[in-house]
Amino acid sequence: MNARQLDPTITEQWENGELGRHDEFVAVAPESESLELDSALAMKLVSIRLPIPLIETLKAIAGHHGIAYQPMIRDLLMRFARSEIKHITDTLDAQMRQAQASDDSSPPVEAFIERTKAVACR
């Protein structure tokens, strides 16, 4: 995440709607451009309801770090997802190692070796 200084006055103007919400600035992008943008960014717009106190807390944290809160939330979700996937794969790996340690025989592998030997001896 890039840390940059945000002008609190301009940020507040965007947040309260002074900037960007007037009809003169509004246009609906063609569907093809919207899909192209989503594809180029590898992103998809989603909507989620969050408790207001949580949003305010996230904004305060982001403000403390001098970043916008939505990219910060995206970063938090990416970090969480990576951590959870690593935890899941580590757990599955441990389970597989435990199963292999408790079973010395490998019937599928032994059957494959026997078939390979039979084909090679022909």
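Which residue caps the N-terminal end of helix 1 (residues 8-16)? Asp 7 does, with a side-chain oxygen 2.9 Å from the backbone nitrogen of Thr 9. Just after helix 1, Gly 17 has a positive phi of about 95 degrees.

The model is predicted: local features need pLDDT of at least 70, side-chain atom pairs count only at pLDDT 80 or more, and totals for chains, interfaces and linings use all residues. Residues are numbered from 1 along each chain as its sequence is written, and side-chain values use heavy atoms, with hydrogens and water left out.

The protein has five helices and zero strands, where helices (H or I, at least four residues) and strands (E, at least two) are DSSP runs numbered from the N terminus. Along the sequence the pattern reads α-α-α-α-α. The radius of gyration is 27 Å, well over the 14 Å that the globule rule gives for 122 residues, so the protein is more spread out than a compact globule. That radius is taken over C-alpha atoms, and the rule is 2.2 Å times the number of residues to the power 0.38.

| Property of the protein | Value |
|---|---|
| C-alpha box along the principal axes | roughly 80 × 35 × 25 Å |
| Accessible surface | about 11100 Å² |
| Distance between centres of positive and negative side chains | 8 Å |

Carbon and sulfur atoms hold 60% of the accessible surface (Shrake-Rupley method, 1.4 Å probe). Buried residues, those under 20% relative accessible area, make up 6% of the 122 residues. The side chains include 13 positive and 19 negative ones, counting Lys and Arg as positive and Asp and Glu as negative, without His or the chain ends.

Terms used: Buried < 20%, exposed > 50% of the residue type's maximum accessible area, 1.4 Å probe, protein only. Charge placed at Lys NZ, Arg CZ, Asp CG, Glu CD. Polar contact = N/O pair within 3.5 Å; in protein donor to acceptor, adjacent residues only side chain to side chain.
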